[in-house]
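Please read them with the structure open.

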Amino acid sequence: MKSAVLILPVLLAALAGCSSPPPQAAADAKAKQVPLSVQLQPTTPPPPPSEIPAPAFAPAMPSVAKRPVERIEVTGSSISRSTGYVAAPKPALLREAIAAPPADMALPVPENRERYKAFERNGVMRVAEAPVSTFSIDVDTGSYSNMRRMLNAGQLPPRDAVRVEELVNYFPYQYALPKDDKPFAVSTEIAPTPWNPDTLLLRIGLQASDPAKHSLPPSNLVFLVDVSGSMDEPDKLPLLKQSLKLFVAQLRPQDRVAMVTYASGTQVVLEPTAGDRKAQIIAAIDRLQPGGSTAGEAGIQLAYQMAKQGMVKGGINRILLATDGDFNVGITDFNALKNLVEEKRKAGVSLTTLGLGTGNYNDQLMKQLADAGDGAYHYLDTLGEAQKVLVDEFTSTLQTVASDVKIQLEFNPAVVAEYRQIGFEQRALKREDFANDAVDAGEIGAGHRVTALYEISLVGGKGRLAPLRYGDKAAVPSTAASHGELGFLQLRYKAAQGEASKLLSFPISREQIAKQGSCDFRFAAAVAAFGQRLSDGGKYLGGFDLTKIRALAMEARGEDRFGHRGEFIKLVDLARSMSGAPELDKTALIAP
């Protein structure tokens with residue numbers, strides 16, 4: 001019969017619950033101590049350790065003795081039994097084994113559930129076959145700040161997270177201001193393409209009017225805040241609460257603010273409140289706490305009800321939705337949510353989205369909801385970005401000066417052979433949509449700037465497309481050819497409170513071609529090149545790598561009042577480091 005041996009002083013001390021005896025008593029006891037064997041019932045020993053399969057991630061352990069014994073553990077008045085082995089490894093060896101796991105041991109990584117809409121990049125078009133390019137404007141900037149968040153975290157963004165037009169439009173440019181009470185002014189500039197000496201870069205710029213803050217009409221605003229469990233991260237609800245406080249500081253007495261939250265359910269946490277009652281509004285913000293699932297659809301429905309309740313005729317009626325976009329209760333189908341917002345938009349309430357967070361971020365939903373709600377999409381990665389969007393661009397965020405703005409550019413096939421639009425892939429329209437007022441398009445807010453870029457090849461120059469075997473049969477208008485027009489630019493828009501669209505037209509002359517673009521022109525080209533490197537590996541950039549992009553941005557930095565351009569150069573440096581500069585690792589830059 002096998003037995004285990006217990007040391008008497010240990011057992012007696014544990015059962016008695018006594019403190020250690022005085023030194024002399026301990027010495028006397030030690031002198032009289034005799035071994036005590038406790039006979040135990042027979043047990044069936046487990047297999048030796050060598051026969052027990054190790055866990056998948058268990059570190060290699062030092063060898064141990066293989067003599068099975070039954071152990072008794074005494075804790076207070078409780079006694080427990082277990083079967084084990086004596087002669088365990090020394091503590092130092094054990095610590096060493098745990099501290100040095102096998103090099104090939106796979107560690108679990110957090111699941112990344114971020115969602116981005118896949119899209120195809122614009123290719124080169126032959127003017128003789130497709131002379132017209134039509135698209136809706138877009139003032140969103142969320143792609144830039146989201147990309148910045150990833151680069152600052154040491155990660156190159158997925159290709160579909162990069163929308164070049166949102167990178168370019170993140171920065172302010174010195175465009176001409178509108179005149180004659182028009183909502184915006186239009187300018188064009190043409191100069192050699194920095195990455196291709198055989199082509200030209202055409203820049204179209206829109207500058208909206210920027211009324212003073214005090215002249216804005218009264219606002220009826222609803223903060224729709226996601227307080228679900230997924231928002232319980234430092235870069236989500238805590239950041240949002242700080243951001244909303246910045247925004248509240250800008251409100252005027254004639255503005256009204258309500259607040260709706262949603263998690264497992266929905267709740268009105270602030271009834272419509274005057275903008276000068278800032279302490280009451282901030283107290284409601286401070287009370288926001290995360291927890292529960294995400295009933296986003298129910299929250300949107302309640303927010304629209306609150307907006308309708310406080311509707312200001314002729315004023316600003318807008319919902320600001322702040323979330324990571326992780327809807328999982330109610331309507332979770334993307335198209336159904338989009339249709340819901342489009343339907344409510346017709347009642348005169350617009351929707352702006354403020355995205356936050358990482359890991360489960362739904363960029364696709366946030367952008368498309370803002371587009372459907374006649375609002376803009378922003379991503380708040382820092383409190384500095386909140387300052388830019390909610391304070392520095394307060395009037396742009398709230399006030400719309402023109403809606404359903406569409407651009408149509410017709411190239412002259414007698415002068416231009418090929419063109420490629422850089423960006424705006426998700427805002428493309430059919431040619432016939434341009435004159436159809438029933439087709440929705442983008443809005444431009446007070447003070448907003450919109451930049452669109454085209455790379456063009458002139459007739460007789462070196463293009464990218466091989467000539468057709470049977471030639472081109474395009475009809476060339478003699479007037480356009482004789483006057484040397486590159487193209488004809490048209491814009492349609494609706495006044496903020498109007499119904500019928502208005503048309504603006506501008507010929508683009510060959511005489512506008514400059515030997516070198518302005519600082520703004522070259523900096524926008526650098527940003528566009530960077531976006532192309534990240535989104536498609538620089539398919540059309542040739543050898544214009546990140547080092548050359550950085551040099552161009554540095555040389556064209558110009559006035560940088562808010563430091564945004566300097567920050568961009570630092571982001572290029574981060575991308576260079578991660579891609580193995582000075583040579584570009586294209587496969588790394590287009591990570592799925």
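1. Overall make-up. This is a predicted model. The chain has 592 residues, and 48% of them count as buried. It contains 17 helices and 20 strands.

2. Contacts along the sequence. Take the contacts in the chain with a separation of 6 or more. Residues 24 or more positions apart account for 79% of these.

3. Helix H6. This helix covers residues 237-248, 12 residues in total. From first C-alpha to last, H6 reaches 16 Å, close to the 16 Å expected at 1.5 Å a residue.

4. Which residues of H6 are buried? They are Leu-237, Leu-239, Leu-240, Lys-241, Ser-243, Leu-244, Phe-247 and Val-248. Note that Lys-241 and Ser-243 are on that list. The cover over the buried residues of H6 includes two strands, E9 (219-226) and E12 (316-323). It also includes helices H7 (278-286), H11 (383-392) and H12 (394-398).

5. The H9 and H10 pair. H9 spans residues 334-345 and H10 spans residues 363-372. Their axes come within 8 Å and cross at roughly 25°. Angles under 35 degrees count as roughly parallel, so H9 and H10 are roughly parallel to each other. The crossing of H9 past H10 is right-handed.

6. Where the pair touches. H9 contributes Phe-334, Leu-337, Lys-338, Val-341, Glu-342 and Arg-345. These meet Gln-364, Leu-365, Gln-368, Leu-369 and Ala-372 in H10. The residues of this contact divide into six nonpolar, two polar and three charged.

Note on methods
Residues numbered from 1 in each chain as written. Predicted model: local features only at pLDDT ≥ 70, side-chain atom pairs only at ≥ 80, totals over all residues. Heavy atoms only, no water. Helix = DSSP H or I, 4+ residues; strand = E, 2+ residues; numbered from the N terminus. Expected span 1.5 Å × (residues − 1). Buried < 20%, exposed > 50% of the residue type's maximum accessible area, 1.4 Å probe, protein only. Contact = heavy atoms within 4.5 Å. Axes fitted to C-alpha atoms, helices over the stretch in contact; angles between N-to-C directions. Parallel < 35°, antiparallel > 145°, perpendicular 65-115°, else oblique. Left-handed = near helix turned anticlockwise from the far one by under 90°. Nonpolar A, V, L, I, M, F, W, Y, C, P; charged D, E, K, R; others polar.
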